[in-house]
Amino acid sequence: MNASVIMTFAPKLLSDPFLQLPTENSVSVVWFTEFAGVKHQVLYGEDCTQIALATTTKLSCTREDRDSQLATPQNCQKPILRHIWRHEAKVIGLTLKSRVPYRVISVREDGQSVSSRTFTLAPLPPVN
């Protein structure tokens, strides 16, 4: 998406954040947007004041076809490229058996931001 284009719609997250790859003291938080953005982060801790910065990757093979639920031309004969970015931040310093509140924030190129609801995360549970 060209940053010089005036964006008239509010930014949104394409997914709630979800957790991946937990360890004894960390877990990765992942979410998706339709914009590359200028800053993506996870706020976590009791007051959500600790910050984990995300790395961003553009998905390269995402397409929509004429049966898509999105606003695509009904007469399109071939799939249309869809611009989607994946954001991942690693939250570290977690302790066993402790759930920590977190939320994600993504800031678009025009400065508008969107944040998720608050969820909780935890490290890998101990093996019994």
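At 37% relative accessibility, aspartate 110 counts as partly exposed, a class that lies between buried (under 20% relative accessible area) and exposed (over 50%), as computed with a 1.4 Å probe on protein chains only. The model is predicted, so local features need pLDDT of at least 70 and side-chain atom pairs count only at pLDDT 80 or more, while totals for chains, interfaces and linings use all residues. Residues are numbered from 1 along each chain as its sequence is written, and side-chain values use heavy atoms, with hydrogens and water left out.

Side chains of opposite charge can pair when their charged atoms come close. A salt bridge here is a side-chain nitrogen of Lys or Arg within 4 Å of a carboxyl oxygen of Asp or Glu, and by this rule there are three salt bridges. In one of them, aspartate 110 meets arginine 108, with 2.9 Å from N to O. Arginine 108 is buried, at 0% relative accessibility.

Another salt bridge joins glutamate 88 to arginine 86, whose closest N and O atoms are 2.7 Å apart. Glutamate 88 is partly exposed, with a relative accessible area of 22%, and arginine 86 is partly exposed as well, at 23%.

Arginine 117 and aspartate 16 also form a salt bridge, at 3.9 Å from N to O. This pair links distant parts of the chain, 101 residues apart: arginine 117 lies in the loop between β10 (113-115) and β11 (119-121), and aspartate 16 in the segment before β1 (18-20). Strands are DSSP runs of E with at least two residues, numbered from the N terminus. Arginine 117 is exposed, with a relative accessible area of 56%, whereas aspartate 16 is partly exposed at 45%.

Next comes strand β8 and its partners. Its covered face holds Trp85, His87, Ala89 and Val91, and its uncovered face holds Arg86, Glu88, Lys90 and Ile92. Two strands count as paired if DSSP finds at least two bridges between them. β8 runs antiparallel to β2 (residues 26-33), with eight bridges joining the two, and threonine 33 stands opposite tryptophan 85. Strand β5 (residues 55-58) also pairs with β8 in the antiparallel sense, over four bridges; here threonine 55 stands opposite glutamate 88.

Histidine 83 is partly exposed, with a relative accessible area of 31%. Leaving aside residues up to four places away in sequence, histidine 83 touches Thr33, Glu34 and Lys58, where contact means heavy atoms within 4.5 Å. The side chains of histidine 83 and lysine 58 are joined by a polar contact of 2.7 Å. A polar contact is a pair of N or O atoms within 3.5 Å; within protein, one must be able to donate a hydrogen and the other to accept it, and residues adjacent in sequence count only if both atoms are side-chain atoms.

Finally, the nonpolar residues. In soluble globular proteins, nonpolar side chains tend to be buried together. A nonpolar core is a set of buried Ala, Val, Leu, Ile, Met, Phe, Trp, Tyr and Cys residues joined through side-chain atoms within 4.5 Å. The largest such core has 18 residues, of which Val29, Val42, Val91, Tyr102 and Leu121 touch the most other members. At least two residues of this core come from each of β2, β3 (39-44), β8, β9 (100-107) and β11.
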